[in-house]
Amino acid sequence: ISGYVVIPEGARIESCWLMLEDSLTADGTNHLTFNVRGSDGATAIVTARTTNSGASGTSITGKVPEQLSLINADKQSFASGGYIKLECDKGGTVAANKVVFGMKLAFDRD
């Protein structure tokens with residue numbers, strides 16, 4: 001599942017959060033992995049957050065925002081008309097849940 005945020009004026013991501021509506025227990029088969037992709041649409045700009053216990057993932061408590069660590073600083077700036085790609089990949093059968101991403105953006109001017 002992918003979602004997009006269109007950037008109407010040059011901006012950079014200063015911080016990013018993830019929150020689920022309901023708690024999700026870590027599981028090696030039934031899990032979610034979250035990513036935010038940078039200005040090239042492919043490079044991750046946050047450290048992936050997963051509930052896959054087989055990949056050192058952990059449980060997520062519902063309605064508790066988690067700040068994601070920013071990486072790849074060269075991809076955190078977005079030109080006017082660019083987009084931020086938000087991803088949620090599912091493994092196995094995961095109960096329905098609502099996913100919320102939050103971002104703090106700042107103008108990125110030359």
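The exercises that follow treat strand pairing and aromatic pairs.

The model is predicted, so local features need pLDDT of at least 70 and side-chain atom pairs count only at pLDDT 80 or more, whereas totals for chains, interfaces and linings use all residues. Residues are numbered from 1 along each chain as its sequence is written, and side-chain values use heavy atoms, with hydrogens and water left out.

**Exercise 1.** Determine how strand E2 pairs with strand E8 and with strand E5.

Solution. Strands are DSSP runs of E with at least two residues, numbered from the N terminus, and two of them pair if DSSP finds at least two bridges between them. E2 and E8 (residues 99-107) are antiparallel over 9 bridges, and within this pairing Ile13 stands opposite Leu105. With E5 (residues 66-68), E2 pairs in the antiparallel sense over 3 bridges, where Trp17 faces Gln67.

**Exercise 2.** Find the aromatic pairs and classify their geometry.

Solution. Rings of Phe, Tyr and Trp (its six-membered ring) pair if their centres lie within 6.5 Å, and planes under 30 degrees apart count as stacked, over 60 as edge-to-face and the rest as tilted. The count comes to 2 aromatic pairs. For Tyr4 and Tyr83 the centres are 5.4 Å apart and the planes are at 75°, so this pair is edge-to-face. Tyr4 lies in strand E1 and Tyr83 in strand E7, so the pair ties together parts that are 79 residues apart in sequence. Phe34 and Phe101 also form an edge-to-face pair, with 6.3 Å centre to centre and 75° between the planes. Phe34 belongs to strand E3 and Phe101 to strand E8, 67 residues apart.

Terms used
Helices (H or I, at least four residues) and strands (E, at least two) are DSSP runs, numbered from the N terminus.
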